[in-house]
Number of protein chains: 2
Amino acid sequence: MLPRRTGLRQGIGDDCAVLSVSARKDLLVTTDLFIENVHFLRRWQNPRSVGYKTLARGLSDIAAMGGIPRFAFLSLGLPAKTNEKWLRDFFHGFFTLAGSAGVVLAGGDTGRSRSDFFADIIVTGEAPAGTAVMRSGARPGDQIWVTGHLGLAAWGLRTQERTKREVRSSEFRRFFFPEPRINVGRFLRERKFASAMMDISDGLSLDLSRLCEASCVGAKIKEANIPRRPDCSLRDALQGGEDLELLFTVSPRRAGSLPPSIDGVRLTCIGEIVPQRGLVLVRRNRETPLPVQGFQHF
Amino acid sequence: MLPRRTGLRQGIGDDCAVLSVSARKDLLVTTDLFIENVHFLRRWQNPRSVGYKTLARGLSDIAAMGGIPRFAFLSLGLPAKTNEKWLRDFFHGFFTLAGSAGVVLAGGDTGRSRSDFFADIIVTGEAPAGTAVMRSGARPGDQIWVTGHLGLAAWGLRTQERTKREVRSSEFRRFFFPEPRINVGRFLRERKFASAMMDISDGLSLDLSRLCEASCVGAKIKEANIPRRPDCSLRDALQGGEDLELLFTVSPRRAGSLPPSIDGVRLTCIGEIVPQRGLVLVRRNRETPLPVQGFQHF
């Protein structure tokens, strides 16, 4: 007989499910679909990027809990027309990221798909028991922080749509080869900086509204503080999807000790958690409600 | 810092991946695709059965390791034409089995599918460290055993194809609502009866050849011993897929203590593991090579 029943610390509603597997350790599990013509277009995205992003989306969910990724499971729906070179390149992209993240492919399945290619990625990770950072821990007065620059992925995608060919500039890497913020998430969890955390995959306004909802609070963010490159529009930064940056909150007591960057990734304070529900955007000292609009896939 | 790196006891190539998560416990993980027009036909199979079987296939993989199922993660690709009633019935079937197996749905994802419905099911389970029963443990001289009757699922499917409507007789339940052999697998693992084990999902001959390959052995089975209902053909019993019965081997030393049935499920010895590779069928004392042919999906 097993000593005790495994418990579910967090089910549906966060970036990962959190399962208690021993007195010392929690297991994190995330699943993500990546479907051709819904999440990516084959003619605009090379297969290495498709393979890379399939895994990156799962790793970003583990990073969002402050977890350490361990294993991946990959189920593929393959259309009859899938060519071998495309699939080899897909796996090249997948395993390049798996290798650098220290993740082992431990299982999966393949099946035929009558139309589009699809991948379902499952990533498991771990964190010491009870330490995974949830979406629900933000409190009024906490500062709101983000990693990197927002809107880069949307900008890269839009520029490529306009030029009709794959843009190779390093500026566009955030869309095609986004680096999951694993080390940043882990640092924030280990040093107990983050009271709540999630990744930005559907745009800041939509994802911030989710974090606020889970925490039963509201947020006020300053337009001027949102970190974006000069070419990126405010709309890209607020609504652009797939940035895979981290959004987290820090109590004012701890915020003073937060370093300006972690592992080479810049951290920026963009606002504050408030008790009143809803999102507010502060522009030149004028407050306006921020509409919750997120990234729409194809 | 975590005390030690999580290890992978068994990766791709068995019914489940086996991850070492603590000194006392291993985690089992299986993923299975269930695709419309590949694994099931919507016009022949009601949505309750589709939802039930989606989970049953994953549970059967956990049973095949002797594991105790705990959590499920479900990713669904939904065509625009999916109607609400169909989906509600799908979940009714899914949760009926989840409830009876004591499994909690802990996460998942949904996405749009441009053509067919698909489900990717992930089931996690557990077993005391180092005790999960692999495919690779069969040794020459071990007896080969199976649970229940073979070929029932293929027979049910074929009869329905002929009559063009869903057959409701309890005889056909093995195809539409197969009961995963969780208690049998667990019993065999706890009492250390099984030297190797797997589930029969692609037909006896194909699955037995996989077990033999993993164990570097061959097998000799007796036609007369293969448990089948009078109406079922030998071909159904050898090549019929989706029975979700268990196939396992028992050392001759332990075989004498094996009960005739476990949890109401009959156990039958069908042959013996031999050192020479390949499968042999014994029919009226004549030995013929058994061709390895498995169940082909639609």
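In the predicted model, chain A contains eight helices and 14 strands. Its radius of gyration is 19 Å, close to the 19 Å that the globule rule gives for 298 residues, so chain A is as compact as a globular protein of that length. The C-alpha trace of chain A spans about 60 × 55 × 30 Å along its principal axes. Of the 298 residues in chain A, 52% are buried. Contacts in chain A between residues at least 6 apart in sequence were also examined, and 84% of them join residues at least 24 apart.

Helix α1(A) has 17 residues, and the distance from its first C-alpha to its last is 24 Å, close to the 24 Å expected at 1.5 Å a residue. This helix is mostly covered, since 17 of its 17 residues are buried. Helix α2(A), residues 84-101, has 18 residues and reaches 26 Å between its first and last C-alpha, close to the 26 Å expected at 1.5 Å a residue.

The buried residues of α2(A) include A:Phe90, A:Gly93, A:Phe94, A:Leu97, A:Ala98 and A:Ala101. They cover an arc of only 130° around the axis, which puts them on the same side of α2(A). An α-helix has 3.6 residues a turn, so residues three or four places apart point the same way. The face of α2(A) turned away from the buried side carries exposed residues, namely A:Glu84, A:Lys85, A:Arg88, A:Gly99 and A:Ser100. Just after α2(A), the residue A:Gly102 takes a positive phi of about 70°.

Positive phi values also occur in residues other than glycine. One of these is A:Cys216, with phi near 60°. A:Cys216 is placed in the loop between α6 (204-215) and β9 (218-222) of chain A. It has 12 C-beta neighbours inside 10 Å and therefore counts as exposed. Another is A:Asp263, which is not a glycine but has a positive phi of about 55°. A:Asp263 lies in the loop between β11 (261-262) and β12 (265-274) of chain A. With 13 C-beta neighbours inside 10 Å, A:Asp263 counts as partly exposed, because a residue is exposed at 12 or fewer and partly exposed between that and the 20 needed for burial.

A buried loop position is found at A:Ile226. This residue is in the loop between β9 and α7 (234-239) of chain A. A:Ile226 counts as buried because 20 other C-beta atoms lie within 10 Å. Leaving aside residues up to four places away in sequence, A:Ile226 touches A:Leu150, A:Ile221, A:Ala237 and A:Ile270. By contrast, the C-alpha atoms of A:Ile226 and A:Pro47, which are 179 residues apart along the chain, are separated by 32 Å.

In chain B, helix α3(B) covers residues 152-163. Its twelve residues should span 16 Å at 1.5 Å a residue, and its end C-alpha atoms are 16 Å apart, which agrees. The buried residues of α3(B) are B:Leu152, B:Ala153, B:Ala154, B:Trp155, B:Gly156 and B:Leu157. Among the elements that cover them are α4 (173-176) and α7 (234-239) of chain B.

The two chains were then compared as copies. The contact takes 42 residues from chain B and 42 residues from chain A. On the side of chain B that touches chain A, the elements that give two or more residues are the strands β2 (17-20), β3 (25-35), β4 (68-79), β5 (104-113) and β6 (118-128) of chain B. The largest share of this side, eight residues, comes from β5(B). The residues of this side divide into 20 nonpolar, twelve polar and ten charged. Of the interface residues of chain B, 100% are also interface residues in chain A, so the copies meet through the same surface.

Key. Residues are numbered from 1 along each chain as its sequence is written. Chains are lettered from A and ligands numbered from 1 in the order in which they are written. This is a predicted model: local features need pLDDT of at least 70, side-chain atom pairs count only at pLDDT 80 or more; totals for chains, interfaces and linings use all residues. Helices (H or I, at least four residues) and strands (E, at least two) are DSSP runs, numbered from the N terminus. The expected span of a helix is 1.5 Å times one less than its number of residues. The arc is that of the directions from the helix axis to the C-beta atoms. Two residues are in contact if their C-beta atoms, placed from the backbone, lie within 7 Å. The radius of gyration is taken over C-alpha atoms; the globule rule is 2.2 Å times the number of residues to the power 0.38. Ala, Val, Leu, Ile, Met, Phe, Trp, Tyr, Cys and Pro count as nonpolar, Asp, Glu, Lys and Arg as charged, and the others, Gly among them, as polar.
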